[in-house]
Amino acid sequence: MPAQLARIVAHLTSRRPGDDSRWRLGLGNPGRTVVAGFAAGLVVGTVLLMLPVARTGPGGATPLEALFTATSALCVTGLAVVDTATYWTPFGQVTILALIQVGGFGIMTLASLLGLLISRRLGLGSRIVAAAETKSVGLGDVRTVLLGVAKISLTVEAVTALVLTVRFATAYDHPVGTSLWLGVFHAVSAFNNAGFALFSDNLVGFAADPWICLPIAVAVILGGLGFPVIMELLRRRTRPRRWSVHTRLTLLMTAVLLVGGTVFMTVAEWGNPQTLGALDPAGRLLAGFFQAVMPRTAGFNSVDIGSMNTGTLLGTDVLMFIGGGSAGTAGGIKVGTFAVLLVAIVAELRAAPDAEIFDRRLSPTAVRQALAVALLSVAAVVASTITIAMTSTYTLDQILYEVVSAFATVGLSTGITADLSPGHQLILVVLMFAGRLGPVTLASALVLREQNRLFRRPEGRPLIG
């Protein structure tokens, strides 16, 4: 027995060819590296927005204004404590746009892409970091994923920007330069699901304009699908039967949420004179669809969110919490996570031995991970909501809406963001940061080192329910 134990210890502590000692010691954990990269980007963005040249008024932005805006942009959220259109100079707006783009790519993905373009090869450590950010299936796929991220992002943003630029120039008499800037900014903000707009009322002034709302909505949907899904659709667009379970689940849940959300929003707000009720029937349908897309998780709004019915706000909370697809620009717990939980619940109700969908058995590990993500997310939302509710005078539906919007990196607001106390705004900053990185990624980044067990304890079965 001692000899066997010695061999096990020697195997665990030996350095094999290609091993990185820093990796085995936990210093190269990809989760912590991603968190550190985002934190560094946040510091840079905050400093840039504090410069006097970034603000239209005298002096620079306050540290809290700069921190909140930088976090919202880098975490592609869209919540704002100041008016993006009037408070920031062109330099400040360009900084926000750059943070949105970097946040959409993922700091580690962008860094790995730059390294790939320069050296044409990636080391093992860089591949693992990129895989942690892009949710790549295998290390061999990272090169393809990185190039795919760049091509897909730039293509969608360029097409969307072109349509918006032409519309702004021809229908709203903006100069060509202004139209181009408006088109590019809103295209990047849309595809990266950020929700920042260069109009003080966001997109309320374009609620009935399909040439503005639909291109932005399409860009949001594509960004929310996730890069693995888009890349698989491009590779196997004529062979849907060979699509992966992840792609099928994402497309199915996206369609269900878009259709269900559109019906819900349109019916719930049809007679509200302060929202959809102020538009003609065609405009109501367009605005209903637009507001069903945005909680997934873009943050643009074409109607006044603060004037919505309480039931509509609660329904939007659910859509925001679910979010969009994994490894994309959307937030929330992700539609894949939600679908896995639904399938597991159905399997349990049917007393089935396994959770199955699309002729595939879901891995128990996937079910545990989905449960962990959902419960950690619920805990973060509940704790933050209680904290703010106990120390503010706003209603529960307003506070819950704000908290879910921050954690799910949506950016929709009932209009109370700028009026919250500094302490409450800092809570939203933490929620945006944690929501962008994901509860599991953030938690794993804080763990000093992983623990591997060579044994399993006897099974126990506590009473449930």
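1. Helices are DSSP runs (H or I, at least four residues), numbered from the N terminus. Please keep in mind that this is a predicted model, in which local features need pLDDT of at least 70 and side-chain atom pairs count only at pLDDT 80 or more, while totals for chains, interfaces and linings use all residues. Residues are numbered from 1 along each chain as its sequence is written, and side-chain values use heavy atoms, with hydrogens and water left out.

2. Staying with H17, its buried residues include Ala370, Val373, Ala374, Ser377, Val381, Ser384, Thr385 and Ile388. Buried means under 20% relative accessible area, exposed over 50%, and partly exposed in between (1.4 Å probe, protein chains only). An α-helix has 3.6 residues a turn, so residues three or four places apart point the same way.

3. Next, a helix pair. Helix H4 (residues 63–74) packs against H6 at an angle of about 40°, with the axes 7 Å apart. That angle makes H4 oblique to H6. Thr69, Ala70, Ala73 and Leu74 of H4 meet Ile96, Leu99, Ile100, Val102 and Gly103 of H6. Contact means heavy atoms within 4.5 Å. Sorted by class, this contact has seven nonpolar, two polar and no charged residues.

4. H6 (residues 90–105) also holds Gln101. Gln101 is buried, at a relative accessible area of 17%. Its side chain makes a polar contact of 3.2 Å with the side chain of Glu157. Beyond four places in sequence, Gln101 touches Glu157, Val188 and Asn192.

5. Do have a look at Thr77, in the loop between H4 and helix H5 (84–87). Thr77 counts as buried, with 0% relative accessibility. The C-alpha atoms of Thr77 and Gly299 are separated by 7.0 Å, although the two residues are 222 residues apart along the chain. Among the residues that Thr77 touches are Asn193, Ala298, Thr409 and Met432.

6. Finally, Asn301 sits in the loop between helix H14 (281–293) and helix H15 (310–322). Asn301 is buried too, at 15% relative accessibility. A polar atom of the Asn301 side chain lies 2.8 Å from the backbone oxygen of Val303. Leaving aside neighbours within four places in sequence, Asn301 is in contact with residues including Asp201, Phe290 and Leu412.

Key: Helices (H or I, at least four residues) and strands (E, at least two) are DSSP runs, numbered from the N terminus. A polar contact is a pair of N or O atoms within 3.5 Å; within protein, one must be able to donate a hydrogen and the other to accept it, and residues adjacent in sequence count only if both atoms are side-chain atoms. Axes are lines fitted to C-alpha atoms, for helices over the stretch in contact, and angles run from 0 to 180 degrees between N-to-C directions. Angles under 35 degrees count as roughly parallel, over 145 as roughly antiparallel, 65 to 115 as roughly perpendicular and the rest as oblique. Ala, Val, Leu, Ile, Met, Phe, Trp, Tyr, Cys and Pro count as nonpolar, Asp, Glu, Lys and Arg as charged, and the others, Gly among them, as polar.
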